[in-house]
Amino acid sequence: CIRDRIMSMNESLISQFEELKVLIETLQTDVVKNAQGNKSAGVRARKGLRQAKKLASDIVKTSLDSSKE
């Protein structure tokens with residue numbers, strides 16, 4: 001039972017990390033556009049970066065939980 005929980009947490013950790021990678025890749029376009037002066041792209045980039053920060057925090061929590069098991 002404990003082994004199944006650890007496997008589940010590890011799979012969750014991997015899926016969360018994959019989600020973070022996809023989010024960062026999608027932000028690249030807006031960051032480049034913002035650097036070229038597009039203000040709307042800057043708003044989208046900052047919103048996405050806040051999402052990335054939250055997701056990274058969730059990944060840390062999941063990782064800590066799985067290491068406690």
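Let me start with one lysine: K21 is partly exposed, at a relative accessible area of 36%. Before I go on, please keep in mind that this is a predicted model.

So what does K21 pair with? Its side chain meets that of E18 in a salt bridge, at 3.4 Å from N to O. E18 is also partly exposed, with 38% relative accessibility. Both residues sit in helix α1, which covers residues 2–35, and because they are 3 residues apart there, about one helical turn separates them.

Let me zoom out for a second. The protein chain has 2 helices and 0 strands. Of its 69 residues, 22% are buried. The accessible surface of the chain comes to about 5400 Å², and carbon and sulfur atoms hold 57% of that. If you take the contacts with a separation of 6 or more, 68% of them are between residues 24 or more positions apart.

Back to charges. How many salt bridges are there in total? The count comes to 3.

Another one joins R44 and D30, whose side chains meet at 3.1 Å, N to O. R44 belongs to helix α2 and D30 to helix α1, so this pair ties together parts that lie 14 residues apart in sequence. Now, are those two partners buried or exposed? D30 is buried, at 13% relative accessibility, while R44 counts as partly exposed at 38%. And what else does D30 touch? Setting aside neighbours within four places in sequence, D30 is in contact with A41, R44 and A45. Two of those names come back in a minute: A41 and A45 are among the buried residues of α2.

Then there's K54 with D58, a salt bridge where the closest N and O atoms are 3.2 Å apart. These two are 4 residues apart in helix α2, so again we're talking about one helical turn, roughly. K54 counts as exposed, with 54% relative accessibility, and D58 as partly exposed, with 22%.

Okay, helix α2 itself. It runs over residues 39–68. That makes 30 residues, and from first C-alpha to last the helix reaches 44 Å, close to the 44 Å expected at 1.5 Å a residue. What caps its N-terminal end? That's N38, with a side-chain oxygen 3.1 Å from the backbone nitrogen of S40.

What is T62 in contact with, once you leave aside neighbours within four places in sequence? The answer is M9, S12, L13 and Q16.

Note on methods. Residues numbered from 1 in each chain as written. Predicted model: local features only at pLDDT ≥ 70, side-chain atom pairs only at ≥ 80, totals over all residues. Heavy atoms only, no water. Contact = heavy atoms within 4.5 Å. Buried < 20%, exposed > 50% of the residue type's maximum accessible area, 1.4 Å probe, protein only. Areas by Shrake-Rupley, 256 points an atom, 1.4 Å probe, with all protein chains shown as cover. Salt bridge = Lys/Arg side-chain N within 4 Å of Asp/Glu carboxyl O. Expected span 1.5 Å × (residues − 1). Polar contact = N/O pair within 3.5 Å; in protein donor to acceptor, adjacent residues only side chain to side chain.
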